[in-house]
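Here is a short report on one structure. Please keep the sequence and the 3D view open while you read.

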Amino acid sequence: MNPSTAVRTTCPYCGVGCGVLASVNRNGSTEVSGDPAHPANFGRLCVKGAALGETMDLHGRLLHPALRPTRDSAALQRIGWDEAASRIAGRFSQIIAEHGREAVALYVSGQLLTEDYYVANKFVKGYLGSGNIDTNSRLCMSSAVAAHKRAFGADLVPVCYEDLEQADLIVLVGSNTAWCHPVIYQRIAAARAARPSMKLVVIDPRRTATCEQADLHLPIAPGTDVWLFNGLLAYLRREGRFNFGFLRDHTHGEIETVDAAERSAGNLDEVARVCGLDPQALRDFYRLWADHERVVTAFSQGVNQSSAGVDKANAIINCHLAAGRIGMPGAGPFSITGQPNAMGGREVGGLSNQLAAHLELEDPDHRDLVRGFWGSPEIADKPGHKAVDLFEAIYDGRVKAVWIIATNPVVSLPDADRVRAALKRCEFVVVSEVNRDTDTSDLADVLLPAAAWGEKDGTVTNSERRVSRQRAFLPMPGEARPDWWAISEVAKSMGHAESFSYVSAHEVFVEHARLSGWAQDRAPRMFDLSGLAELDAVSYDRLEPVQWPLRAGQTQGTQRLFEDHRYDTSDGRAHLIPLVPRLPQHRTDSEYPFVLNTGRVRDQWHTMSRTGKAPRLATHMQEPYVEIHPDDAISHGLHEGELARVSTRWGRCTARTRVTDSIPPQQLFIPIHWNGQTAAEARVGAVVNPVVDPLSGEPEFKHTPARIEARPTRWHAFLLIRAAAAADSLRDRFNAEALWWTRIQGTDFVRFELAGNADPDDWTSWAQSLFALTPQADWIEASDPARGLYRGAWIEEDSLAACVFATRQHDTLPSREWLSSLFGQGQLQFSQRLSLLAGRAPGPQIDHGPTVCACYNVGRNTILGAIGKDGLKTPEALGAKLKCGTNCGSCIPELRTLISQA
Ligand SMILES: Nc1nc2c(c(=O)[nH]1)N[C@H]1C(S)=C(S)[C@@H](COP(=O)(O)OP(=O)(O)OC[C@H]3O[C@@H](n4cnc5c(=O)[nH]c(N)nc54)[C@H](O)[C@@H]3O)O[C@H]1N2
Ligand SMILES: Nc1nc2c(c(=O)[nH]1)N[C@H]1C(S)=C(S)[C@@H](COP(=O)(O)OP(=O)(O)OC[C@H]3O[C@@H](n4cnc5c(=O)[nH]c(N)nc54)[C@H](O)[C@@H]3O)O[C@H]1N2
Ligand code: SF4
Ligand SMILES: [Mo]
């Protein structure tokens, strides 16, 4: 790639917000690399970022606005944008006229750009006059938001990435940083390599890849973090580590908070018991924390996604305030944000209980200010529904029309089958999507095609308050348009032409920046971007990454907050919050004896709408799985690789068993990514309880009582097929036959793993009908019905077009590796044709094992061989020999684990 002609943009995945250089090759393919000049990543990318180029094809894209003529129809009817906008405006207006403004809602996303988000929020709060806009950030960051507001008076993240490098101790709480924020993890690893005295503690029930670097891992009992940090607070006081000068001058609430901590967690051994920890390990952690002035306590979903999520976050913040470890280099509490623009959404007020620009919905003066700024006819005067409640209101008909933008709630909300039922009952569902088929868009009455990453322009804000540009480098395909444009069209159609006449993202951005500085004298607040309010289009286009606040007249952003120890509370002090720990609402019992935990895998992003397209990313974790401890596997008769069914009071799902002692007994873990497009029965949202935190409304995704059992199956199979389009229709066929399936994207083919409860009447006709073969087709097969064995392959013009292998036991199927490789090579050699039904290359076999390094496709067995036979003992040595870990570095934690295991 030529860096001088590449477009500088920002990665569309996680909240690290890495700078990306993107360019389009002559053949139309996209090439990406890390932007060395971006201060979030200095040229690094993780494997998801590095594989962006593989996700850009238009297969499956929604390219035109469309209507679904009836709810059950699979076929869509193409319409124009004018008609789409006027239909939406018409239905919304009609429903509001009949049922009031509370009967319509928008449900949006932390993956919108700030400009989209700003327009959505302005439309609903200022022009529909309702608080009914909420976002998937409710599922993600809302507990941190509420905790920041309680402690600091506003949603403010004090620290920056450099603080992680300057810290002497980093504590990661409920964060699988190595997989979910890999470039932050790489920065931590590099800082530790340069300064080995730096300590790392990980607090997570599971032993994740993140623990590989840790000096100490505390496998905390799920849901008990408030005890742990209350205990730390009590310990700090006992050990004389309070900063009394800081407490006196800059905080409020110390006495009540310490009292509450002493009462609930004054006895260390008792805390260790409740948290399921070894008392000595707990004491070691408390001592480390007490002894290191420069400590960053970073937290993520193990904290936020809990019915005590806000309290967990405040318990952490309390300790930092008591010790005065905030507003200085290398110290502070740090909520690591998930989505690329979780922060931008909070700035514009995208949650149903916020207004805009850190102004408060429930403050009449603030409402006046914003209404005045917008010149809007009305303004929301009470909070709208929070996400889980919103879908409940849709279910029972209080909300009759919903417009869903850039999120997939039928997969990602808890009690997801009820969410699907709610949308089925809803009178009018609009979905703005990049993709035509998602579990949510399947239920839309009107579909609007959105411009995707690389096609749209705007800004995102990362975890350290840094605003970066996303820049377009591709034309918008078909009639896809940016979301801010689509929302403006509908607003215009409802009679608000003057207020939504934007012609570019730039115009929206400067309005947002102006509002952030608006009336700072009357309503002072730390969030301020007014230094960017005068940008012209050219300087907006050239905008360099910058951290807010950036006040009018300033040219430099602000790296770290609270260095002057002024907070956004009414008394200007930071507030310690007294906390009474409580257990999750739903506990395990004899019927549901396991705690089900859910989260992410290294190489997939959420509902896989983009990462699912990249063959490289499919190699690491290929299928939906459930992690279970070996003792539990034995007592439940479950074996590695078998299908297991997990049931809860809310639903059930099926995934492949992974037996591992990285998860404690009586706990299960299932990843969130698989959905109705990529697997049958694997939507984990369907089994998750809909309990939420009472303050933030964030769901308890990490804790649902569950039971597990083997899923009965008569046969297992895999199928490989060349044509992607044919693969799409197979999915419907498998669903109709009630088979279990999962779909895996390969380089030149699609693979399905299958399981069924009853044999087909005739394997040959079943297999041939999958591919709609004519009698003339070149089909070779071998079968042994008595043993349930069937193998068939379709050869077209001398190359492999498809094959299917079925058997009784899943572990007696041949490796998929060699067969997969045949799709890339064109014509089969004669010897290959002969070996086809054996499923193995002619000659001796090498089994590389499951992929560890996705960039260079290096398998586990190959790595173990190099460690054992060649005596390689470092990731660097392995990299020098095998290349693994030398591109994006995402697999280095796993390489270290393999080295230590060997
Ligand atoms: N590869 C990848 N990266 C991503 C994403 C993705 O989809 N894929 N999504 C992005 C988004 S939106 C988000 S929000 C972030 C999430 O990033 P993380 O929060 O790091 O990821 P999770 O896997 O959801 O959960 C983190 C950990 O919390 C632990 N945990 C569960 N219960 C408890 C508990 O009671 N206490 C403690 N201390 N820990 C607990 C889980 O075992 C899990 O390992 O990742 C972002 N990055
Ligand atoms: N069980 C369980 N559930 C969870 C979690 C968990 O840990 N456990 N985590 C929760 C968290 S933290 C999060 S953030 C959510 C994420 O959950 P979702 O937001 O539902 O997941 P995505 O797959 O990212 O959905 C984004 C959708 O927007 C589309 N899209 C992408 N770009 C654009 C665009 O520019 N415009 C438009 N209009 N559409 C676009 C994509 O194609 C995709 O379908 O999941 C939550 N759900
Ligand atoms: S860490 Fe990876 S996913 Fe996150 S922004 Fe950077 S490249 Fe993208
Ligand atoms: Mo998230």
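Where does His810 lie? His810 sits in the loop between strand E32 (799-807) and helix H27 (817-822). Helices (H or I, at least four residues) and strands (E, at least two) are DSSP runs, numbered from the N terminus.

This is a predicted model, in which local features need pLDDT of at least 70 and side-chain atom pairs count only at pLDDT 80 or more, while totals for chains, interfaces and linings use all residues. Residues are numbered from 1 along each chain as its sequence is written, chains are lettered from A and ligands numbered from 1 in the order in which they are written, and side-chain values use heavy atoms, with hydrogens and water left out.

## His810 and its surroundings

His810 counts as buried, at 17% relative accessibility. Buried means under 20% relative accessible area, exposed over 50%, and partly exposed in between (1.4 Å probe, protein chains only). The side chain of His810 reaches the backbone oxygen of Glu640 at 3.5 Å. A polar contact is a pair of N or O atoms within 3.5 Å; within protein, one must be able to donate a hydrogen and the other to accept it, and residues adjacent in sequence count only if both atoms are side-chain atoms. Leaving aside neighbours within four places in sequence, His810 is in contact (heavy atoms within 4.5 Å) with Glu640, Gly641, Glu642, Arg656 and His716.

## Salt bridges

Arg656 also takes part in a salt bridge, with Glu623. A salt bridge is a side-chain nitrogen of Lys or Arg within 4 Å of a carboxyl oxygen of Asp or Glu. By this rule the count comes to 62.

| Pair | N to O distance |
|---|---|
| Lys382 and Glu102 | 3.7 Å |
| Arg656 and Glu623 | 2.9 Å |
| Asp759 and Arg714 | 3.4 Å |

Take Lys382 and Glu102, whose side chains meet in a salt bridge. Lys382 is in the loop between helix H16 (364-374) and helix H17 (387-395), and Glu102 is in the loop between helix H2 (81-99) and strand E6 (104-108). The pair links distant parts of the chain, 280 residues apart. Lys382 is partly exposed, with a relative accessible area of 47%. Glu102 is partly exposed too, at 32%.

Now the Arg656 and Glu623 salt bridge. Arg656 lies in strand E24 (residues 652-659) and Glu623 in the loop between helix H23 (615-618) and strand E22 (625-628), so the pair ties together parts that are 33 residues apart in sequence. Both Arg656 and Glu623 are buried.

Asp759 forms a salt bridge with Arg714. Asp759 is in the loop between strand E29 (750-756) and helix H26 (763-770), and Arg714 is in the loop between strand E26 (704-710) and strand E27 (715-721). They are 45 residues apart. Asp759 is partly exposed at 26% relative accessibility, and Arg714 is partly exposed at 40%. Salt bridges that share partners join Glu623, Arg656, Arg751, Glu753 and Arg816 into one network.

Asp204 is in the loop between strand E9 (199-203) and strand E10 (216-218). Asp204 is buried yet has no salt bridge. The nearest side chain of opposite charge, Arg206, is 4.4 Å away. Lys and Arg count as positive and Asp and Glu as negative; His and the chain ends are not counted.

Ligand 1 has 35 residues around it, and Asp204, Ser300, Gln301, Arg600 and Gln604 come nearest. A residue is near a molecule if one of its heavy atoms lies within 4 Å of it. A polar side-chain atom of Asp204 lies 2.6 Å from an oxygen atom of ligand 1. Taken alone, ligand 1 exposes 920 Å², and the protein buries 99% of that. Accessible areas come from the Shrake-Rupley method with a 1.4 Å probe; for residues, only the protein chains shown count as cover.

A polar side-chain atom of Asp483 lies 2.7 Å from a nitrogen atom of ligand 2. Taken alone, ligand 2 exposes 920 Å², of which the protein buries 95%.

Asp483 is also among the contacts of Ile405. Ile405 is found in strand E14 (residues 401-405) and counts as buried, at 0% relative accessibility.
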